[in-house]
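Please look over the model shown below before reading on.

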Amino acid sequence: MQQIFQCVSNGLKGTLQVPGDKSISHRSIMFGAISTGVTEIENFLLGEDCLCTISCFQKLGVQIEQNGTKVKVLGTGTKNFTYPAEVLDVGNSGTTIRLMLGILAGTTISAELIGDASIEKRPMKRVVEPLRLMGAQITGREDGNFTPLQVKGAMLKGIHYSSQIASAQVKSAILLAGLHAEGETSVTEPYISRDHTERMLSYFGGYIERKGTTVTVKGRQKLFARKIFVPSDISSAAFWMVAGLIVPNSHIVLSNVGLNPTRDGIIEVLKNMQADIQISDLQNKDFEPFGTVEVSFSLLQATEIGGALIPRLIDEIPILALLATQANGKTVIKDAKELKVKETNRIDTVVKELKKFGAHIEATEDGMCIIGPTPLHGAHVQSHGDHRIGMMLIVASMIAKGETVIDGIEAISVSYPDFLTDYEKLKSQ
């Protein structure tokens, strides 16, 4: 689907609560399904990815009731999963397929997992290999590196795995398998990746231990249902943070934004760039903290983004690249090779599309360099089926002189179906 956008002339103003966090929404369904009791979820993300997670668990016999953003999961543990009568289709969701491999590996059932054209290209060996070391029986295209994948439940044993990348999906798949394995399972990462799985496991009554960058779980644990409020997704809020900072005369207040310290790297970067950003009303510190984020149009300075910061903002790099086009100086993004295996190769895609707007941006082996500030002009661009690229292009159109045409705008429904509705609210204030 194609849509036309124009530069914003009077600024963006108002208060929003963006949709629930995608990572936490996925995990709330998963932990509810493998626990005992009724898990009640509020502010669940109604994006396509998370709805695919619900669908997959329903096919495994889990009763899930949905009423808008309120969801109930009637958990009876993995022993009561049933053989699915059809394949488990994860759609565009890498989180769903990788974490489900970990959950299914230690059950007594078999299942086939497939996804869309994007998922077919994304590497699964990073999860399949450590799970096989635990005794998992997983087969698939190119020795299990690509979908379709078949998993046959097996008896698992705990392992210690040293991951070469800081990936929450890899870590989570191993830990979830470890819950149903004999002995202890631990994962060591080069940096600490987002820790939603660890927080939720503990919240559901499980035992988990962290020492440095190593996380350990004990096998054969029982988990118990909880009530969950899903904070607003900081990755979705990031688009409005950047829009408020680069569109003149803007002032935006974002409520209930998730501020998990393994996800708030964008806040640190914005402060380093001298952005006018305020954090207040911090709540829920014992589980998943959230608070209010307030931004206003700012004169920004270039910065360097790399190292341990990257896992804390990997999904925000496309919108940060746009932000850097409006900052004074040379911004360098490095240590971000993981961008190459997202929904698209986000290094190449971001550079290609921002250049169409006139941005001074170049790709590097592990990131990109951006020189600013640069006036942008309208262009004919495309999302490449990537929701974060689609939203980044919409924000770019807000400051691009003239008309911008975006192809594939429907991709944004993966994580933020009402993005354009919220855009209209902010323009009309």
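Which residues line the largest cavity? The lining is made up of Asp21, Ile24, His196, Pro231, Ile234, Gly258, Leu259, Asn260, Arg263, Glu288 and Pro289, where a cavity is a set of points on a 1 Å grid over the protein atoms alone at which a 1.4 Å probe fits but cannot get out, and a lining residue has an atom within 4 Å of a point. This is a predicted model, in which local features need pLDDT of at least 70 and side-chain atom pairs count only at pLDDT 80 or more, while totals for chains, interfaces and linings use all residues. Residues are numbered from 1 along each chain as its sequence is written, and side-chain values use heavy atoms, with hydrogens and water left out.

The largest cavity holds about 40 Å³ of space, a volume being the space filled by probe spheres set on grid points that are joined across faces, edges and corners. Its lining divides into five nonpolar, three polar and three charged residues; here Ala, Val, Leu, Ile, Met, Phe, Trp, Tyr, Cys and Pro count as nonpolar, Asp, Glu, Lys and Arg as charged, and the others, Gly among them, as polar.

The open spaces come next, a pocket being an open set of points with protein on both sides within 12 Å along at least five of seven lines. The largest pocket has a volume of about 690 Å³, and of the 37 residues that line this pocket, Ala166, Ser167, Ile314, Glu338 and Lys342 lie nearest its centre. Its lining comprises nine nonpolar, twelve polar and 16 charged residues, and α1, α3, α6 (168-178) and α12 (387-399) each supply at least two residues to it, helices being DSSP runs (H or I, at least four residues) numbered from the N terminus. The second largest pocket contains about 520 Å³ of space, and Gly77, Thr78, Lys79, His180 and Gln221 lie nearest the centre among its 19 lining residues.

Two of these helices also pack together: α1 (residues 22-34) and α3 (residues 94-105) lie with their axes 11 Å apart at an angle of about 20°, the axes being lines fitted to C-alpha atoms over the stretch in contact and the angles running from 0 to 180 degrees between N-to-C directions. That angle makes α1 roughly parallel to α3, a term for angles under 35 degrees. In this packing, His26, Arg27, Met30 and Ile34 of α1 meet Thr95, Thr96, Leu99, Met100 and Ile103 of α3, contact meaning heavy atoms within 4.5 Å.

Definitions and conventions:
Angles under 35 degrees count as roughly parallel, over 145 as roughly antiparallel, 65 to 115 as roughly perpendicular and the rest as oblique.
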